[in-house]
Amino acid sequence: MASEFGSDPVQHTQHTVGDVSFHAVEQGRGPVVLLLAGWPQTSYAWRRVMPLLSAEHHVIALDLKGQGESSLALDSDFSIEAVASEVAAYLEHRQLGPVRLVGHDVGAWVAYALSIVAPERLTSTLLLDAALIGLAPVEAYMPRPGSRTWQFHFHAMDGMPELLTAGREAEYLGWYFRTKSKVPGSMPPEAVDHYVRAYSRPGAMTAGFNFYRAVERNRAFAEAHRQHRFAKPLTVFGGEFATGDNFLKSLQACDPAVTGGVLPGCGHYLPEEAPEAVADLIRRQP
């Protein structure tokens, strides 16, 4: 596994905080950079970014509950506010911080919420290619041919996504990696196989769907903070062929001080499609 994260050795750590046992992959020494991956991925999504930062930073790729080797916690609250509070407790437990925070996809949802509920734990936040109900225009989530957000509706259904994806995790997850990536070779078979194995463990797909089933709580949280002014610098980047600058604009509508842009030539999976560019963005964060 270490070779997949570059030549520098990595450490796999496990810390139990409250009802969640958190798994993380760690590399390097120095100021802490905390990386949160999205669905349907794990800390493995950061394997190409971590070696680019580890010479000067202590890089921690954390599996949120339901991801990788962290506990499933299926009966817990999967709203972004609750999960952000769990990550804040993890940082407190380990006496880490303030940290440079980076989130992609669902990890960006959580990073956004963490920037609001525990800014004292952070020096800055970088959000990568996501869309959050409550900030994005309602029209962005309307079901229509070619919609990029249809899964928000499907995953929120009770029991139906499990029924239709059980035993077909490879086919279902593979569709996302094929259709939402743009850079050739960025999602190789071994990476897809890694994610399929992770989400084929009993309950893992349900945990992933639970992030989407918290839609009303997430909407309420985002709407309650539409005029929030972030205490620490917030930067947002989307992929040219994914969310573009839509997430950035939705956050600038909350706080004009938010900065960011678009990574050209990329689809949704920025840490794997553009690891050098992502690492450069992280280095620029205060």
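1. **Salt bridges overall.** Searching the whole structure turns up nine salt bridges. A salt bridge here is a side-chain nitrogen of Lys or Arg within 4 Å of a carboxyl oxygen of Asp or Glu. Side chains of opposite charge can pair when their charged atoms come close.

2. **Basis.** This is a predicted model, in which local features need pLDDT of at least 70, side-chain atom pairs count only at pLDDT 80 or more, and totals for chains, interfaces and linings use all residues. Residues are numbered from 1 along each chain as its sequence is written, and side-chain values use heavy atoms, with hydrogens and water left out. Helices (H or I, at least four residues) and strands (E, at least two) are DSSP runs, numbered from the N terminus. Buried means under 20% relative accessible area, exposed over 50%, and partly exposed in between (1.4 Å probe, protein chains only).

3. **E26 and R94.** These two side chains form a salt bridge, at 2.5 Å from N to O. The pair links distant parts of the chain. E26 sits in strand β2 (residues 20-27), while R94 is in the loop between α2 and β5, 68 residues apart. E26 is buried, at 5% relative accessible area.

4. **R219 and E216.** This salt bridge has its closest N and O atoms 3.4 Å apart. Both residues belong to helix α9, three residues apart, or about one turn of the helix. R219 is partly exposed, at 26% relative accessible area. An α-helix has 3.6 residues a turn, so residues three or four places apart point the same way.

5. **R284 and D280.** Their side chains meet in a salt bridge at 2.6 Å, N to O. Because they are four residues apart in helix α12 (residues 275-284), about one helical turn separates R284 and D280. Are the two partners exposed or partly exposed? R284 is exposed, with a relative accessible area of 59%. D280 is partly exposed, at 28%.

6. **Cis peptide bonds.** W39 and P40 are joined by a cis peptide bond, with omega about 5°. P40 is in the loop between β3 (32-36) and α1 (50-53). Another cis peptide bond joins G97 and P98, where omega is about 0°. P98 lies in the loop between α2 (80-93) and β5 (99-104).

7. **Positive phi.** A73 is a residue other than glycine with a positive phi, near 50°. The loop between β4 (58-62) and α2 holds A73. A73 is partly exposed, at 21% relative accessible area. D129, also a residue other than glycine, has a positive phi near 35°. Its place is the loop between β6 (122-128) and α4 (150-156). D129 counts as buried, at 1% relative accessibility.

8. **Helix α7.** This helix covers residues 189-200, twelve in number. From first C-alpha to last, α7 reaches 16 Å, close to the 16 Å expected at 1.5 Å a residue. That expected span is 1.5 Å times one less than the number of residues. Among the buried residues of α7 are A191, V192, H194 and Y195. V196, A198 and Y199 are buried as well. What do the buried residues of α7 pack against? They pack against α6 (169-179), α8 (204-213) and α11 (270-273), with contact taken as heavy atoms within 4.5 Å.

9. The whole structure holds two cavities of 30 Å³ or more. A cavity is a set of points on a 1 Å grid over the protein atoms alone where a 1.4 Å probe fits but cannot get out; lining residues have an atom within 4 Å of a point. Grid points are joined across faces, edges and corners, and a volume is the space filled by probe spheres set on the points. The largest cavity has about 60 Å³ of space. Its lining includes W109, F152, F211 and N218. Helices α8 and α9 (215-224) are the elements that give two or more residues to this lining. By class, the lining has eight nonpolar residues, one polar and no charged. Ala, Val, Leu, Ile, Met, Phe, Trp, Tyr, Cys and Pro count as nonpolar, Asp, Glu, Lys and Arg as charged, and the others, Gly among them, as polar.

10. **Second largest cavity.** Its volume is about 30 Å³. S115, P119, L122, T125, F230, A231 and K232 line the second largest cavity. That lining divides into four nonpolar, two polar and one charged residues.

Terms used
On a 1 Å grid over the protein atoms alone, a cavity is a set of points where a 1.4 Å probe fits but cannot get out, and a pocket is an open set with protein on both sides within 12 Å along at least five of seven lines; lining residues have an atom within 4 Å of a point.
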